[in-house]
Amino acid sequence: MVYPRHPVAGLATDPIRPQGQASWTSRSDVRSKPRRVMPLTRRFEVSYLAPNGDIREFQRVAPATPLFEDAFSTLGRGALISTTEGLVAVEDLLPGMLVETLQGPKPLLWIGSMTVFPDSGELAARAPGHEPQKMLRISTDTFGFGRPVHDLMLGPRARLLYRSSCCMEAVGTDEAFAPARAFVDGVNVVEISPLSPQRVWQLCFDGQQSYFAHGVDVESFHPGPKSEALHDREMAALFLALFPHVERFEDFGPMEVPRLTAFELENLRVA
């Protein structure tokens with residue numbers, strides 16, 4: 001059945017409009033504009049060493065972007081970290097403890113953590129193009145005897161130290177940090193989609209460091225070179241507020257070991 005169409009005053013369907021009268025289509029266009037999509041956020045937890053030696057903690061909600069997630073999602077629960085007091089699970093570490101690194105024992109200044117959720121439900125609905133966050137499991141002895149000494153669970157943003165003479169041509173040195181996901185082979189290094197919320201951690205020292213988790217060299221958090229130039233002032237201030245022990249990006253200290261992308265590492269390993 002077809003119903004007769006009756007013009008309604010004030011709508012763009014009016015067949016006659018006095019000359020000079022503003023078109024009502026502009027108001028319709030405004031209503032038809034898509035609503036601004038609010039960015040996803042996460043709750044980040046921080047524990048840090050205050051200048052007077054006290055351990056302080058706080059929680060904060062911030063955007064769920066790579067800038068923030070890189071600083072909080074490297075180690076899975078139960079990862080054993082080498083310290084001067086022996087092996088300590090990451091969830092039991094405290095700021096101020098001396099952690100073994102390639103440069104010797106270094107005081108732990110900051111511990112950050114967040115929760116990785118299954119990529120379903122509200123997250124999938126709000127961010128249809130969102131890249132699923134997967135944990136990584138590295139089997140015992142994958143990189144050699146005792147590396148790792150036991151199966152190691154890593155977060156989605158972990159970087160591992162890669163040593164090879166092939167790195168010399170790419171970065172000018174024989175070692176570099178590369179994303180752990182670049183080592184996935186489906187056998188010894190596998191991606192795992194969490195079925196339940198998983199808490200993940202990352203550690204921060206004075207400058208870029210390589211610490212040991214189950215005997216595997218893992219990169220500590222460092223924002224990378226020229227980080228400040230890559231983000232607007234408001235986002236940079238929000239990010240730095242999560243690191244009370246620094247005031248500027250330069251305060252994270254030197255970054256002496258370069259990084260490779262997953263694509264660059266793949267090319268080096270097949271060369």
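What pLDDT does the protein average, and what share of the residues score at least 70? In this predicted model the protein averages a pLDDT (the predictor's confidence in each residue, from 0 to 100) of 85, and 79% of the residues score at least 70. Over residues 1-17 the pLDDT stays under 50, and the model has 12 contacts (heavy atoms within 4.5 Å) beyond four places in sequence for them. Residues 22-26 also have a pLDDT below 50, with six contacts beyond near neighbours in sequence. Where pLDDT is low, the predicted coordinates should not be read in detail.

Because the model is predicted, local features need pLDDT of at least 70 and side-chain atom pairs count only at pLDDT 80 or more, while totals for chains, interfaces and linings use all residues. Residues are numbered from 1 along each chain as its sequence is written, and side-chain values use heavy atoms, with hydrogens and water left out.

The whole structure holds 12 salt bridges, each a side-chain nitrogen of Lys or Arg within 4 Å of a carboxyl oxygen of Asp or Glu; three of them are tabulated here.

| Salt bridge | N to O distance |
|---|---|
| Arg147 and Asp217 | 3.6 Å |
| Arg259 and Glu219 | 3.0 Å |
| Asp251 and Arg248 | 3.7 Å |

Asp217 is buried at 4% relative accessible area, whereas Arg147 is partly exposed at 25% (buried means under 20%, exposed over 50%, partly exposed in between, with a 1.4 Å probe and protein chains only). Glu219 is buried at 2%, and Arg259 is partly exposed at 22%. Arg259 and Glu219 belong to a network of salt bridges that also links Arg42, Glu69, Asp70, Arg157 and Arg159.
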